[in-house]
Amino acid sequence: MIRDAFYETMPREDLEALQLRRLQAVGERVYHLVPFYRRRMDELGVKPEHIRTLEDLQLLPFTTKQDIRDNYPYGMFAAPLDQIVRIHASSGTTGKPTPVAYTSRDLDTWSELMARTLAAAGAHRADIIHNAYGYGLFTGGLGFHYGAERLGATVIPVSGGQTRRQIMLLQDFGPTVLTCTPSFALYLAEVGQEMGVDFPHLKLRVGVFGAEPWTDGMRTEIENRLGLDALDIYGLSEIMGPGVSVECIEAKNGLHLFEDHFLPEIVDPATLSPLPPGEIGELVITTLTREAFPLLRYRTRDLTSLNKAPCQCGRTICRMSRLRGRSDDMLIIRGVNVFPSQIESVLMEIPGVAPHYQLIVSREGQLDNLEVQVEVDETTFSDEVKQLQALTQKIQKQIKDYLTVSVKVKLVEPRSIPRSEGKAQRVIDLRQQ
Amino acid sequence: MKVEQISVFLENKAGRLAEVTRVLGEAGINIRALSLADTTDFGILRLIVDQYDRAREVLKQKGFTVGKTEVVAVEVPDRPGGLALVLQALAAAGINVEYMYAFVQHSGKNAVIIFRFDNLEDAINLLQKQGIHIYTGEEVYRL
């Protein structure tokens, strides 16, 4: 369902005119209110009035996560603290978190975009939404929460953890929509199976899963095990939180990016030059309406491509392909670029291979080694050594064929790969230790 | 004529075998025969126990990957050339032995050997024709 037909199905010409007006306003705002941007723009010799067309976006400076860290904690805020009503922060894998601020209008926009997102997933007022994204500094929990309330649905604010208790609530409260990370959705399926829960007979109809890259193979697995339609959602706290883009239930073919609020570009992560539509590169986003935390050309590190063709659902806003990984997750194994999501695609194509895997990268002398750990379950297990060796060889061969890199495949006992109740840790890189 | 064997996937790390035997022991299950096939990364433990269903249940509960295979328990004369006699008969008929292992205890004067064949029915027919004694499942679990 389309919540806001005016913006979501706008003719592209009108949309681009709107984007330009909003971009010009953002240029003015950051130049006058954020010393960091004034300095950067002065260094490049750019003034807000130089933005005359959407192509002039190229004149503006990029922003990285490091820039936000360098201005810790409040240096990037474009509104005084008395207008700021909330602060979220993204997890800092390296020390300090990166704080993000919201005015009350920012929260209003976010709630509206999350309501659009849930509507695109087919949710409506009569739905009960089981929200298992973490509540707190992380934007996932509260983002979904406010969107669900804006939509008028019933929200169960479960947050993360306490898996068995969540399964009890899924059975007793009868939610129709599940929102969590895809790895947690699978974990729910696994624990539920152990508890003898028949998921396809629960009332769950649709799941909106995000906050980590996942593949179409994983979608099929989740849909079969939980008996629902699984949709991909994208967002990041620096930009706003969840609700930047989402798949529609009609097509499940690309994530509709709310272009009236975010201006996307795809660039080559190495050269930063723009890439034509359809090519995979790093997603760069300029916020068009943020008051407290506007960002120019923020480098998301997420790899995707854009498609501006209208969708069968009627939306004219562009679509992102499913994430192909992160430019900073890229492993270089003996000179070959490898993304964990590529390994996942290969594994999911092999019947019986469980969706839980982990990649261990190590170095022996000057050589990088990539070990792929895969859990053995009853469908792949055999009492004969040669059968299990054939399985490891098959996985090795398919990875080699697809990625041109030789890996070691290690079969491990079920449950030996740690389960996540948040984001799954797919890669353990021992080279940095 | 067939005996049910449990197989368990084990990672090659300290304490896994001890854990299987502890779980079975605590459930009051007696191991009648076993063999362990090992590779650098993993092992496959094969077991004949006195309570097949219960063993499978407790191991699965503890999160082990458990498989089920049908094998044949053959009585072999406990004297020089006893096993050779059985194997020669199988070889002559072109029946391949996937693996085999000996029973923990003797039954009277003779040894009991567990065989895993690709083609179970053919192997049983052949051995019976040769007058070689095959134990039933019930006999084996009670041995």
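Reading strands and sheets in chain A

Q: Which residue in β7(A) does Val206(A) stand opposite?

A: Val206(A) stands opposite Asp229(A) in this predicted model. Strands (E, at least two residues) and helices (H or I, at least four) are DSSP runs numbered from the N terminus, and two strands pair if DSSP finds at least two bridges between them. Here β6 (206-210) and β7 (229-236) of chain A are parallel partners, with 5 bridges. In this predicted model local features need pLDDT of at least 70 and side-chain atom pairs 80 or more, whereas totals for chains, interfaces and linings use all residues. Residues are numbered from 1 along each chain as its sequence is written, while chains are lettered from A and ligands numbered from 1 in the order written.

Q: What is the strand order in the sheet of 9 strands, and why does one side of β4 and β13 lack a neighbour?

A: The sheet is open, with mixed pairing, and in chain A its order is β4-β3-β5-β6-β7-β8-β9-β14-β13. Because β4 (154-156) and β13 (306-307) of chain A stand at the edges with a single partner strand each, one side of each has no neighbour in the sheet.

Q: Which strands does helix α6 of chain A lie across?

A: Contact means C-beta atoms, placed from the backbone, within 7 Å; axes are lines fitted to C-alpha atoms, for helices over the stretch in contact, with angles from 0 to 180 degrees between N-to-C directions. Helix α6 (139-151) lies across β3 (128-131), β4, β5 (177-180) and β8 (241-247) of chain A, at about 65° to β8(A).

Q: How are the 3 strands of the other open sheet paired?

A: The pairing is antiparallel, in the order β10-β11-β12 (chain A), with β10 (262-267) and β12 (298-304) as edge strands that pair on one side only, and the twist averages 30° from one strand to the next. Between β10(A) and β11 (281-287) of chain A there are 6 bridges, and Leu263(A) faces Thr286(A) across this pair, standing opposite that residue in β11(A).

Technical notes: Contact = placed C-beta atoms within 7 Å.
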